[in-house]
Amino acid sequence: MDFSTFLIQTLNSVQYGLLLFLVAAGLTLIFGIMGVINLAHGSFYMMGSYLAFALSPVVASTLGGGLITTLIIGLIIAIILGYILEWMFYSYLYERDHLQQVLMTYGLILVIEEIRSLLVGDDVHGVPIPDWLSSSIKLSDVMTYPVYRLFISGVCILLALGMFLVLSKTKLGMMIRAGSVNREMIQSLGVNIKFLYRIVFAAGIAIAALAGMVAAPVSSVYPGMGQGVLIICFVIVVIGGIGSIKGALIASLFIGFIDTFGKVLLPEVAGVLVYVFMAAILLWKPSGLFKAGS
Amino acid sequence: MKKSQLFFLSFLTIVLMALPFLGSEYSVDWMTKTLIYGIFALSLELLVGTTGLVCFGQAAFFGIGAYAVVKISADLITPDAIYLLPISMILAGVFALFVGALSLRTKGVYFIMVTLAFAQMAYYVIHDTPIGGGTDGIYLYNKPSLFGWSISSSVEFYLFTLGCLLFVFILLGLITHSRFGRALTGIRINELRMRAIGYQTYNYKLMAFVISGMIAGLAGYLFAVKDGFVNPELLSWHLSGAVLIMIILGGLGHLRGAFIGAFAFALLEEFFRSEAIFGSFAKYWHLGLGLSIIFCVAFLPRGLFGIPSIWQSKLMGTKNASVEDQE
């Protein structure tokens, strides 16, 4: 493996890892704060990709806007959707045990997947990369790297930074962090827990959908795309420690590297590697790398 | 065994024995599949409902049982269930011993994820290496007989499957009411206390895990022989999820619940897929299935098995469920 191949794979790993982080961050927050196992989280990632596919021609023809406008409109739709879904379904799950949550969110996966099939059909679609991002950077005589992938990494880093600032510097973030450590306590301190939950949930879903929207041009848009992401993100959440954003970030970068380099260096066992890594981590630290609150 | 359980069992036996004489070829075939899911659900019920261990990798044991029979009988001239069945179950059990020994070190959600991780490893080993024949799977050309009798017709195989189901049901009934089964229930309710009394809870849980894996292997064996075909999807997490859904749908903590759940799941699937009822909309059968699952969570928190006690409390005007059901 020469240096430029190595560089390309490293960039790919970081980009994949950061993308996974966006989905996993919402999952770990919802899991850590509300104690809800949200199997349908991958479906929101898929929904984001389909939003990008459905919105981009509409946005281009009516508003004349490009990718950024599409992302913003899609994000607003996702936030509203998350808010409504929390109110309709998830708010009933907080008091139930984990198995009931698994059952209901599994039902939601089926419903969302079929509504998608009804509205858009089962074909694989592509989303065009906007012109200003479609060039490539030359790394050596034969190797180039697409600018759009760098753009994905950039968006992810910006979002991760934003999330970090909100969580560590604002009052809302303080309440969220407190909620992930001790739910009853912040409730008795007078925090409107229902509202907090709704915000966290809508934000988690919106970030997952945004990840799907940004990834759509490189991964293409296809049925069932959320489910592969879901399982990998659960792996990340568990490796990082439930409820820990820092853990999710580190774990998703690890997974990004292991998966990308595994596919290049050891293609026969690439699928297993991620799970071997997870089993090893959990046998070493049975509750993940960074447990929330510690 | 309790009287209600015996009653359920004999009722079930009579109805199911009568089916081949009343139903069509298709219904016998469908029922065979449902019975296999019933065995599979029962295997998980021992872990989730009795011991309180939520295993999200049950399909691995199912798939290993299925692949074992196909791989081994490929080299035999007259394969016989009398040794193939135990071998498949033992192979699934050995894998369960390995998975259980490691994953039982973790708890709660982490346990769910570690069992999933091991199942995914098994999935990728079958999927990516030459052992499993890749995505296409392998055919079983030479169906095993039983003591030299052919059991290849659908009615014969149906009766064989029914026999297996009754055997598993009775076995699990005896286990859950034995001293060992009581200890497992104790572990579910309060493991710390069980350990304080002096039970080596790890060994008990591992034992339950292996038994459960072997029964799942049995279900896998039956599935492979019934279809004459195996593919890696038998080990996929979708199946592990579906079987978990079955037992929750039926109602946890009861063997009957597991069977009712498997039956209801298969029935719902068949109903929403039927083109006679839904016409061209039957293509979107997941929608109906998903909505009914959500409905069940919203209105039947204790599963289908809890329905009688809801009616009971409505009629009597009390809110307390009977003590027996709480167990």
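**Helix packing and the contact between two chains**

In chain A, helix α1 (residues 3-34) packs against α8(A) at an angle of about 165°, and the two axes sit 8 Å apart. Axes here are lines fitted to C-alpha atoms, for helices over the stretch in contact, and angles run from 0 to 180 degrees between N-to-C directions. Helices (H or I, at least four residues) and strands (E, at least two) are DSSP runs, numbered from the N terminus. The pair α1(A) and α8(A) is therefore roughly antiparallel; angles over 145 degrees get that label, under 35 counts as roughly parallel, 65 to 115 as roughly perpendicular and the rest as oblique. Their crossing is left-handed, a word used if the near helix is turned anticlockwise from the far one by less than a right angle, with right-handed for clockwise. By class, the contact of α1(A) with α8(A) has 17 nonpolar, two polar and no charged residues. Ala, Val, Leu, Ile, Met, Phe, Trp, Tyr, Cys and Pro count as nonpolar, Asp, Glu, Lys and Arg as charged, and the others, Gly among them, as polar.

This is a predicted model, where local features need pLDDT of at least 70, side-chain atom pairs count only at pLDDT 80 or more, and totals for chains, interfaces and linings use all residues. Residues are numbered from 1 along each chain as its sequence is written, while chains are lettered from A and ligands numbered from 1 in the order in which they are written.

Over in chain B, α2 (residues 25-51) and α9 (residues 201-227) pack at an angle of about 170°, with axes 9 Å apart. That makes α2(B) roughly antiparallel to α9(B). The contact of α2(B) with α9(B) has 16 nonpolar, four polar and three charged residues. Helix α9 of chain B also holds B:M214, which is buried, with 23 other C-beta atoms within 10 Å. Buried means 20 or more such atoms within 10 Å, exposed means 12 or fewer, and partly exposed is in between, with C-beta atoms placed from the backbone. Leaving out residues up to four places away in sequence, B:M214 touches B:M89, B:A92, B:G93 and B:A96.

Another chain B pair is α11 (residues 255-273) and α13(B), which pack at an angle of about 140° with axes 8 Å apart. That makes α11(B) oblique to α13(B). Their crossing is right-handed.

Now for the two chains together: 34 residues of chain B are in contact with 31 residues of chain A, contact meaning that C-beta atoms, placed from the backbone, lie within 7 Å. On the chain B side, α5 (108-128), α10 (237-250) and α13 (285-299) are the elements that give two or more residues. Of these, α5(B) gives the most, with 12 residues. That side of chain B divides into 24 nonpolar, seven polar and three charged residues.

The largest nonpolar core has 197 residues; such a core is a set of buried Ala, Val, Leu, Ile, Met, Phe, Trp, Tyr and Cys residues joined through C-beta atoms within 7 Å. Its largest share, 17 residues, comes from helix α8 (residues 193-219) of chain A. A:V235 is among the residues with the most contacts inside this core. Not counting residues up to four places away in sequence, A:V235 touches A:I255, A:V274, A:M278, B:M113 and B:A117.

Most residues other than glycine have a negative phi. A:S220 has a positive phi of about 60° although it is not a glycine. A:S220 is found in the loop between α8 and α9 (225-240) of chain A, and is partly exposed, with 14 other C-beta atoms within 10 Å.
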